[in-house]
Amino acid sequence: MAVGVGDIHNNRLAYLYTLPALIVMGMVVIYPFFYNIVLSFSNMNLIHFKNWRITGISNYTGVFKESTFWYFLVKTVLWTAVNVVFHVTIGIFLALILNKDIKGKSFFRTLLILPWAVPQYITALTWRGMFDTEYGAVSLTLVKLFGIQIPWLTTEWGAFAACIITNVWLGFPFMMIVALGGLQSIPDELYEAADIDGASWWHKLKNITIPLIKPVMIPAITLGIIWTFNNFNIVWLVSNGGEPADKTHILVSWIYKSGFRYFRMAYAAAFSMIIFSILLIFSWNFIKRTKAVEAVY
Amino acid sequence: MRPLGTKILQHKIEQFSKKYPDWQFRQLFYEPETARTNYIISAMGGSGPALFWGASDNIGPFVELEVIKQLDTLIDKSVLEQFITEPFPANTWFQQHLYQIADRVGNHLCLVYNKKLVANPPQTLNELKEIGKQLTKDLDKDGKADRYALAWNYTEPFFAVPFINGYGGQILDDNNRPTLNTEATIKAAQLIYDLANKDRIIPIECNYETSNALFLDGYAAMIINGPWSWGTYIENGIDIGITRIPMIDETGRWSSPMVSPLGYSVNINLQGEKLKITLELLQFLTSKKVELEFTRAMGTIPSRKDAFQDSSVIQNEIIQSSIYQMEVGTLMPVVTELRWIWDAMRPSYQSIFTGQVTPIQAAKDMQHLAEKLIRENRE
């Protein structure tokens with residue numbers, strides 16, 4: 001429905017209340033967003049930082065022509081998929097356990113939320129230390145137990161795996177909390193009725209639990225995908241800025257490096273617009289296909 | 001500046017601020033790379049700190065981005081004459097203008113050794129390898145070395161440059177063109193690779209934090225590090241000695257680390273009274289008294305002639321050893337190209353240690369990337 005002058009007049013107070021938020025959003029989100037679009041068509045870099053000018057779509061074509069983009073896109077998709085699968089699986093699994101009447105439930109709940117409560121910066125750097133080939137706790141344990149020494153941080157896929165392990169550890173508590181909330185809202189009567197019908201554990205999970213936690217899990221998974229896709233901190237800190245040899249990047253960490261280390265602002269702006277488009281199309285389709293915003297009951 | 005340095009600086013700023021009770025003075029500390037980025041962004045936006053402290057290689061990018069002031073018109077010539085010009089100039093000029101006043105010189109890598117473990121530090125590479133075999137020890141007899149002869153942040157190109165220069169190379173020529181695909185680069189990279197994988201006298205994986213921790217805990221007998229770290233070693237009770245990074249036997253040249261002054265530049269946006277007070281603060285922070293306080297606490301080499309000649313400097317074994325290394329150093333260029341050269345070196349150079357490329361291929365790749373980055377950014 002279009003907002004008419006009359007509507008604004010009638011709801012003057014409501015619009016007045018939202019005005020401060022609108023102004024702040026305009027300054028910190030809308031203006032930078034449009035400025036970024038303009039920059040993506042310019043030649044802004046270290047040399048043309050002040051005297052930049054519009055140069056057309058060369059940055060966009062440049063991004064698509066570079067093998068770097070496709071390489072980091074594949075890595076980002078892999079990074080997102082592996083992380084989210086582990087986050088959701090571990091999260092739901094733990095939520096199912098915590099939803100039972102087990103002893104020390106609140107203790108375990110607090111313990112399992114801890115990874116989420118510790119600042120990411122500290123977690124990432126601690127894990128980085130633990131992945132040191134010769135002196136890290138992870139490596140020492142592997143050597144002690146299996147006699148294998150993995151050069152985690154000095155090989156392309158070792159460093160990538162180290163980032164994934166760190167992020168899995170950090171990410172499952174969120175999914176666990178969301179799933180637990182969903183589980184607690186399912187009426188017991190449904191399970192009781194299923195028990196009377198002789199339904200197995202698997203059938204109850206498939207036909208009651210999963211459909212009923214879907215409305216909370218789908219938006220959480222969507223958010224999880226977007227957050228993980230854009231999770232700059234972990235990749236940057238664990239791999240120390242993309243080491244080894246600038247191979248351990250996802251798209252956003254590469255944008256950061258291009259923009260704020262190499263000062264290729266226009267190129268980074270075009271790159272970020274492409275990522276924005278990918279995420280917009282994905283989220284739109286995902287929510288539409290899964291009907292996540294539709295009522296269940 | 002490391003924790004000890006920031007503590008002294010804070011004390012000095014508080015001391016200066018008493019003269020101007022209506023003004024607020026505070027320091028912001030960031031790691032060099034973050035400090036540079038944050039400063040550029042804030043100064044471009046019309047604000048930012050009044051003074052920026054850092055190494056002289058920031059000057060090229062800062063001048064191109066127009067974020068720092070020319071100081072030659074703001075500071076009296078007689079003041080500038082108080083700073084050393086030998087063995088390296090303290091103050092940084094670029095394109096015929098002065099942009100940085102140093103409070104210390106050097107910032108160069110040296111060979112630091114733990115006197116408890118090393119009686120006579122190696123003078124040449126062959127000596128290093130020989131002594132290295134004796135110093136590298138498997139203390140718990142599990143078949144793996146627990147103590148290494150030497151550790152340093154060798155995967156960072158800056159820390160490999162002394163050897164490139166020692167083999168007769170340089171990373172950029174007088175016309176600011178990258179000169180990375182050379183015999184010197186290949187030999188230096190091969191040398192470092194061999195020290196880890198063939199001679200096994202340095203750890204097979206070593207970043208800055210690991211090497212520092214190993215040296216602090218006595219698990220590395222020697223470390224290649226700069227003046228910013230010595231205060232920490234001394235504070236931790238290590239009896240350190242400092243000397244030159246070994247000579248390359250093959251060339252007869254000393255390994256030659258980059259030497260650069262460290263000092264203050266003034267924010268382009270300053271005007272009026274704030275600029276006046278800032279310049280006064282700058283002169284206070286580069287006064288003899290303040291420089292010597294840093295020198296005594298941290299072993300830094302002062303930038304002023306009177307401080308450089310002070311008895312506390314002349315009689316300080318660590319500082320004199322540092323100057324001894326500095327004498328065979330190579331002045332760090334301040335041109336913007338250097339930044340792209342570091343960025344171009346890092347990926348290929350690090351790939352050598354992961355076994356992905358040979359030093360020969362790495363030298364070719366870094367040259368190619370350096371040329372590409374310079375071309376793209378100069379477009």
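Helices are DSSP runs of H or I, at least four residues long, numbered from the N terminus. In this predicted model, helix α9 of chain B spans residues 227-235. G237(B) follows α9(B). The phi of G237(B) is positive, near 75°.

Four residues of α9(B) are buried: P227(B), S229(B), W230(B) and Y233(B). These residues lie on the same side of α9(B), because they cover an arc of only 135° around the axis. Several elements of chain B cover them. Among the covering strands are β4 (110-114), β6 (220-225) and β7 (240-243). The covering helices include α8 (208-216), α11 (288-298) and α14 (317-326).

The largest nonpolar core contains 110 residues. V112(B), L150(B), A151(B), A160(B), A220(B) and M222(B) have the most contacts inside this core. Both domains of chain B contribute residues, so the core lies between them. Domain 1 comprises 3-107 + 260-331, and domain 2 comprises 110-256 + 336-378. A second core is separate and holds 34 residues. L153(A), L237(A), L251(A) and M265(A) are among its members. In soluble globular proteins, nonpolar side chains tend to be buried together.

Technical notes. Residues numbered from 1 in each chain as written. Chains lettered and ligands numbered in written order. Predicted model: local features only at pLDDT ≥ 70, side-chain atom pairs only at ≥ 80, totals over all residues. Core = buried A, V, L, I, M, F, W, Y, C linked by C-beta atoms within 7 Å. Buried ≥ 20, exposed ≤ 12 C-beta atoms within 10 Å, placed from the backbone. Domains from an automatic or database assignment. Helix = DSSP H or I, 4+ residues; strand = E, 2+ residues; numbered from the N terminus. Arc of directions from axis to C-beta. Contact = placed C-beta atoms within 7 Å.
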